[in-house]
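Please keep the sequence and the coordinates at hand while reading.

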Amino acid sequence: MQVTELANDGLKRAYSVTVSAADLAASRDKRLAEIAKTATMPGFRPGKVPMSVVKQRYGSAVLGEVLEQSVSDTSRQVITDRGLKPAMQPKVELTSFNEGADLEYRMDLEILPDVPMPDFSGIELERLKAEPAEEAIDKALASIAERNGELADAEPRAATKGDILVSDFTGRLPADLLKNGPGLGAVPGKPGSLPTGWAVETVGPLDHEIAAIGSEAGRPYFDLKVTGTPTEKAILRIRFAPVDELQVKGGDTLTLLTAVRVADGALPAGAEPKTGFNEISGDKDIHQRAAATLGADGDRMTLTLAEGDAPVQAWPSFVVTLPAGAVDFTLRVGPARVFAGSEEPEARVFPGGTATDLPIEVAGTGFIPGFTEQMDGMAPGETREIDVVFPGDYGSAQLAGKHARFSITAKALKTRVAKPIDDELAKAVGMADLAALKDAIRGSLQREYDALARLKLKRALLDSLADKASFPVPEGMVEAEFAQIWQRVEADLKAGRLDDDDKGKDEETLKAEYRGIAERRIRLGLLLSEIGRANNVQVGQDEMARAVQQEAMRYPGQEQQVLEFFRKNPQAAENLRAPLFEEKVVDFMIELAKVTERQVAPEELTTAAA
C-alpha cells in the first residue's frame with residue numbers, strides 16, 4: 001500500500017491510496033480458494049471443482065468483494081497509522097482501477113480537534129431558589145375543582161368562551177376538484193413558499209413575499225406583500241393549482257370560488273383584479289375571467305369551456321393588472337375551490353362527522369382548529385354553518401387537508417360548576433384528604449421550580465463554556481447538525497409554529513442564525529465529551545436501566561412492548577446514554593464551579609428560565 005498526503009488544512013485531511021495489483025490478486029486468489037473448498041457444481045464432486053471453473057463462475061463477484069474489503073482495510077490502516085480521530089465517516093472516491101492493475105482511491109476526512117480543558121474554578125454561577133406560595137397552591141386547587149366539577153343547566157343566552165353547548169352536528173365535505181384548494185403549506189419569508197401546488201407569476205418589475213400566514217374562521221390564509229415601481233403595465237397572477245391538475249373536456253362547466261382581499265395598503269388607481277381560468281384546448285390558449293370584488297365574502301366565477309373533442313387543461317387563477325407607478329399592497333389569500341357545474345353539488349357526509357347531544361366547550365380544545373371558536377355567541381336553538389380545514393397531518397388520510405362544512409345546532413347551554421375544595425375533592429382525585437392533596441401540589445410545584453432552576457443553571461454553565469471555547473469544529477459535523485435543525489424549522493414554518501423571535505426574518509437570515517446554533521452545539525458537545533472522558537465520567541448500568549424504564553413509562557399500556565424492544569435492540573438503548581452522560585458531566589462541572597444561591601419569587605424563576 002502506498003499513501004500520499006494530498007491535503008492537511010486545519011481539521012481536513014486527504015490522502016491518495018494505492019493498493020498494488022499483486023495484493024489484490026493475492027486476496028482474490030485466497031478468497032477463491034476458500035470458495036473452492038465447498039463449491040458444488042454439476043459434474044464435479046463437492047470441493048473438487050477446478051480453480052479455473054471457480055474463477056470463471058465467481059471471479060467477478062469475488063473481485064467486487066475484494067475491492068470493497070481492500071478499501072475498508074487500507075483506509076482503516078491509514079487512519080490508525082497516523083493516529084487520526086475521524087469526526088465522521090471518511091469519504092472515499094475510486095480514482096483508478098482496471099482488472100489486473102493497481103487500485104487507486106482518494107480518501108477525504110475531517111479529524112476531531114484538540115479540545116483544551118477550561119478552568120472550572122473560574123466559572124461563576126448563580127443557582128436560583130424558589131418555594132411554592134400559598135396563592136399558587138390555591139390556584140392549583142381551584143383548577144382541580146373546576147376540572148372535576150359538574151355541568152349545570154344555565155338560562156338560555158349567547159354562549160361565551162368556556163361555556164358548554166350541548167349540540168348536534170353533521171359534517172360534510174364540499175365538492176372540490178383541487179388537490180390543495182385549502183392552501184396548506186405556505187411558509188413566510190422573503191420570498192417564502194406558496195401553498196403546495198400553488199404559484200405566483202409576475203410580469204414586470206414586481207417583488208413579492210409571504211409576509212405572514214394564519215387562519216380566519218377555521219380556514220388558512222397567507223399574506224402576499226407586493227412592491228415595485230413598474231414603468232409600464234405589470235401583472236400579478238396567483239395560480240391555485242398546477243397547470244395540469246384539472247383534466248376536463250370541452251363543453252364542461254366549472255365554478256371557481258376564491259377568497260382574496262386587500263389586507264394592507266391599497267391597489268393603485270386603475271388596477272384591474274379578476275378571477276377565472278386559463279384554458280388550453282389544442283393549440284388555443286383562452287383566458288376567461290370576471291372582475292373580482294375582493295370583498296369579505298370572496299368571489300365566484302362560472303364558465304363553460306370551449307367545445308371540442310380534444311382534452312382540455314384549465315387552471316384557476318387570480319390576476320390583477322397594475323398600471324405604471326409605485327406599488328405597495330398586501331393581499332390576504334384564503335382557500336380556493338373548484339366544482340363541476342354552475343350549481344354546487346350536495347356535500348357528502350363523511351364517516352365520524354356526525355354527533356348528537358355532544359357537550360362542546362366554546363373556544364375549547366380537542367376539536368379541529370377553528371371549530372369551537374366559531375361557536376362563540378351561539379344560543380340554544382340556533383343553527384350555524386361552520387367551515388374548517390382539517391390539518392395536513394390529521395390522523396385520517398381521507399380527511400387530512402380537506403375543507404369541511406359542519407351544520408351545528410345548539411340545544412342546551414350548560415356551565416361547569418366547580419366542586420367544593422374539601423376532603424371529598426381530595427378523595428375524588430385519589431388523595432386521603434385535603435391536607436394530603438395540598439402536600440402533593442406543593443411537592444409537584446417544588447419539583448417544577450427545582451427543574452427550572454436546574455435548567456437555568458445548566459444554561460448559564462453552557463453559556464460560560466461557549467464563551468471560553470474557541471477551538472475549531474469539523475464542518476461536516478456542523479452541516480449535519482444544521483440539516484437536522486433546519487428540517488425542524490421548516491416543519492414549524494409550514495405549520496405556522498415559528499417562534500416570535502424568528503417571525504419576519506427572511507430565509508437567509510434564519511439559516512445563518514441556525515447554522516451558528518449548530519456550530520455552538522457541536523463545539524459544546526465535543527467539549528462536554530472530552531471533559532467526561534478526561535475525568536472518567538461514566539453512565540452505569542443501573543442508570544441505563546432506570547432510563548429505559550422511564551422511557552417505557554412514556555407509553556402507558558405498552559410498557560412491556562417497549563422494554564422488549566430495547567432488549568432486542570441494545571443499540572436503541574444506547575441513544576438514551578448520551579443525555580445521561582451530558583447531565584453527569586454538567587453535574588461534575590457544577591461541583592467544581594463557584595456557585596452561589598439566591599432566593600427568588602417563583603415568577604422571577606420562571607421568567608429567568610424562559
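## Helix H2 and its packing

Contact is taken here to mean heavy atoms within 4.5 Å, and the model discussed is a predicted one. With that cut-off, the buried residues of H2 pack against strand S1 (2-9), strand S2 (12-19), helix H1 (21-38), strand S3 (91-96) and strand S4 (103-110). Among these buried residues are Val 54, Gly 59, Val 62, Leu 63, Val 66 and Leu 67.

Helix H2 covers residues 51-81, yet its end C-alpha atoms are only 36 Å apart, short of the 45 Å that a straight helix of 31 residues would reach at 1.5 Å a residue. A bend of about 65° is found in H2 at Tyr 58, and just after the helix Gly 83 takes a positive phi of about 65°.

## Salt bridges between separate elements

The structure holds 43 salt bridges. One of them joins the side chains of Arg 127 and Glu 597, at 3.5 Å from N to O, and this pair links strand S5 (residues 124-129) with strand S24 (residues 594-599), the two residues being 470 residues apart. Arg 127 is partly exposed at 25% relative accessibility, whereas Glu 597 is exposed at 54%.

Arg 520 forms a salt bridge with Asp 463, with the closest N and O atoms 2.7 Å apart; because Arg 520 lies in helix H7 and Asp 463 in helix H5, the pair ties together parts that are 57 residues apart in sequence.

## A bridge within one helix, and a network

In helix H9 (residues 559-568), Glu 564 and Lys 568 are 4 residues apart, which means that about one helical turn separates them, and their side chains meet in a salt bridge of 3.7 Å, N to O. Elsewhere, a network of salt bridges links Arg 454, Lys 458, Glu 582, Glu 583 and Asp 587.

Notes
Residues are numbered from 1 along each chain as its sequence is written. This is a predicted model: local features need pLDDT of at least 70, side-chain atom pairs count only at pLDDT 80 or more; totals for chains, interfaces and linings use all residues. Side-chain values use heavy atoms; hydrogens and water are left out. The expected span of a helix is 1.5 Å times one less than its number of residues. The bend at a residue is the angle between axes fitted to the seven residues ending there and the seven starting there. Buried means under 20% relative accessible area, exposed over 50%, partly exposed in between (1.4 Å probe, protein chains only). A salt bridge is a side-chain nitrogen of Lys or Arg within 4 Å of a carboxyl oxygen of Asp or Glu.
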